[in-house]
Amino acid sequence: MKVFINKIIPAIGYRMLEEAGVEYTVWKEKPILDRGQAIQFCKGHDAFLSAGQAGLDADFFDQCRHLKVVALHSVGFDGVDVAAATRRGIPVGNTPNVLNKATAETALLLMLTVARRALFHHKKIKKGQWGISQPTEGLGIDLAGKTLGIVGLGRIGAELARICTQSWDMNILYHNRGVNPEAEREFGAKRVSLDELLAQSDVVSVHTALTEDTRGMFGMEQFKKMKSSALFINTSRGGVHNEDELTQALRDGIIWGAGIDVTNPEPMHPDNPLLDMDNAVVFPHIGSATKETRDAMTRCAVENIIAGLQGKELPYPVNPEVYKGLLGKSNKI
């Protein structure tokens, strides 16, 4: 059995594959493979470990219907046509629950960086502008005692809420399709409508999956409903916010500042105006970028690969219905 890996992964993954007797091919060059190249490699392998590969659509699964498993090196799977994989009997796995803390910490870092205007002041030093300042110049804002509105209060949002309530005694509002009783007990979180959350929050932090319902969820209409002193934070997916309208909202002072770890497209073009704005902070999608988290993600992905190649159910399946034969029992259809 052979697996194709489209990026270099942590060493623990290779050790696990070798111990399981699985051969592997790793694409180590830059840039990342395009969709057609990935398909050609997959045709010569039994499994695919995908780190951010674009184009895993219905046609991909039609051309790679022989695959026994596709393991994503991510928790998100919005770039995969899961229904098409299921129709072909191909199990797809992801890496849930291992990057909750790391991503929550990234949201926190964005909050602090924007609130204290840290990059703005750093840029002043680089420009030789660290001189005598007036007591009213370049001021940030406090987070202690403020209201944090979380859109998508799942595991990552709960980690952020835990930090913010324990460290700064922040009040927690949240907007979910369903109730999160555990968060309500632990943090005193209050479920409200999206409009209420926008109007009452000092910080709006987005942790929702990218779906047809959430794509473009934050645009000028939503920014105008926020406080002019509010921060917008997004560590979910770039498609959740309208980047042009976010830029305009920051320019016009409709909101006070924004911090995003996700953009659309990725990577962001170096001429993007957000990169030069004093009230915006952009990270290059580093939510899971710690050694411990990437090792944990790799373990999950490789465990999915090994299970799939052995004909066992994946420990972390995205489409568990593939085992129930709901959409076809064979990948030969």
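Colleague: Which residues in helix α1 are buried?
Modeller: Keep in mind that this is a predicted model. In α1, which covers residues 11–19, the buried ones are I12, G13, Y14, M16 and L17.

Colleague: What follows α1?
Modeller: G21 comes after α1, and the phi of G21 is positive, near 75°.

Colleague: Let's jump to S288. Where is S288 found?
Modeller: S288 sits in the loop between β12 and α12, with β12 running over 280–282.

Colleague: Is S288 buried or exposed?
Modeller: Buried. Its relative accessibility is 11%, and the cut-off for buried is under 20%, so S288 counts as buried.

Colleague: What is S288 in contact with, leaving aside its neighbours within four places in sequence?
Modeller: With that exclusion, S288 contacts L99, A102, T293, R294 and M297.

Colleague: New topic, helix packing. At what angle do α5 and α7 pack?
Modeller: About 50°, and their axes are 8 Å apart. That angle makes α5 oblique to α7. For orientation, α5 is residues 100–115 and α7 is residues 155–168.

Colleague: Is that crossing of α5 and α7 left-handed or right-handed?
Modeller: The α5 and α7 crossing is right-handed.

Colleague: Which residues meet there, between α5 and α7?
Modeller: From α5 you have N100, K101, T103, A104, A107, L108, M111 and L112. Across from them, α7 brings R155, I156, E159, L160, I163, C164 and W168.

Colleague: How does the contact of α5 with α7 split by class?
Modeller: There are 10 nonpolar residues, two polar and three charged in the contact of α5 with α7.

Colleague: OK, zooming out. How many helices and strands does the protein chain have?
Modeller: The protein chain comes to 12 helices and 12 strands.

Colleague: What share of the 333 residues is buried?
Modeller: Buried residues make up 48% of them.

Colleague: Last one: what share of contacts between residues at least 6 apart in sequence join residues at least 24 apart?
Modeller: In the protein chain, that share is 63%.

Conventions
Residues numbered from 1 in each chain as written. Predicted model: local features only at pLDDT ≥ 70, side-chain atom pairs only at ≥ 80, totals over all residues. Heavy atoms only, no water. Axes fitted to C-alpha atoms, helices over the stretch in contact; angles between N-to-C directions. Helix = DSSP H or I, 4+ residues; strand = E, 2+ residues; numbered from the N terminus. Parallel < 35°, antiparallel > 145°, perpendicular 65-115°, else oblique. Left-handed = near helix turned anticlockwise from the far one by under 90°. Contact = heavy atoms within 4.5 Å. Nonpolar A, V, L, I, M, F, W, Y, C, P; charged D, E, K, R; others polar. Buried < 20%, exposed > 50% of the residue type's maximum accessible area, 1.4 Å probe, protein only.
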